[in-house]
Amino acid sequence: MYNPVARKGAKAEANKLREGLKQTGFKVITQEWSHTTELLDRIRGILTELVGRSSIFFISVMTHGHNRMLQGIQDSEISINEVLDLSADIIPQHLPT
């Protein structure tokens, strides 16, 4: 999950992470996002779809931020805790994240 807004090279950075994870055997889904509500919706959709057939999750949110806040477009911000709470609500406790 990468945000390209005011982040030159964001797509290349995401692709580099993607290739590294693929080399270790992960199935990788890379998606671009701009607004924080979009970020949560996409994470929710992906996790809900994959939770029944996955044994581990690695979630990377690439963006600017400060003080545990992730920044999106148009001054949208979201706490990293909202992403973590959403993930914890969907991913069973027995699966590593």
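Me: Why is Glu38 called partly exposed?

Reply: In this predicted model, Glu38 has a relative accessible area of 25%, and because buried means under 20% and exposed over 50%, Glu38 counts as partly exposed. Glu38 has its place in helix α2, which covers residues 36–50.

Me: What makes the link between the side chains of Glu38 and Arg42 a polar contact?

Reply: The two side chains are joined at 2.9 Å, and since a polar contact asks for N or O atoms within 3.5 Å, the pair of Glu38 and Arg42 qualifies as a polar contact. Leaving aside neighbours within four places in sequence, Glu38 is also in contact with Glu32 and Trp33.

Me: Why is Asn3 called buried?

Reply: Its relative accessible area is 2%, and because the word buried applies under 20%, Asn3 is buried. Asn3 lies in the segment before α1, and, with neighbours within four places in sequence left aside, the residues in contact with Asn3 include Ala10, Trp33, Met62 and Gly72. The side chain of Asn3 also reaches the backbone nitrogen of Val5 at 3.0 Å.

Me: What is known of the largest pocket, and which residues are closest to its centre?

Reply: The largest pocket has a volume of about 560 Å³, and of the 23 residues that line it, Lys27, Val28, Ile29, Ile46 and Phe58 are the closest to its centre. The elements giving two or more residues to this lining are α1 (10–23) and α2, and the lining divides into 16 nonpolar, four polar and three charged residues.

Key: Residues numbered from 1 in each chain as written. Predicted model: local features only at pLDDT ≥ 70, side-chain atom pairs only at ≥ 80, totals over all residues. Heavy atoms only, no water. Helix = DSSP H or I, 4+ residues; strand = E, 2+ residues; numbered from the N terminus. Buried < 20%, exposed > 50% of the residue type's maximum accessible area, 1.4 Å probe, protein only. Contact = heavy atoms within 4.5 Å. Polar contact = N/O pair within 3.5 Å; in protein donor to acceptor, adjacent residues only side chain to side chain. 1 Å grid on protein atoms, 1.4 Å probe; cavity = no way out; pocket = protein on both sides within 12 Å on 5 of 7 lines; lining within 4 Å. Points joined across faces, edges and corners; volume = space filled by probe spheres on them. Nonpolar A, V, L, I, M, F, W, Y, C, P; charged D, E, K, R; others polar.
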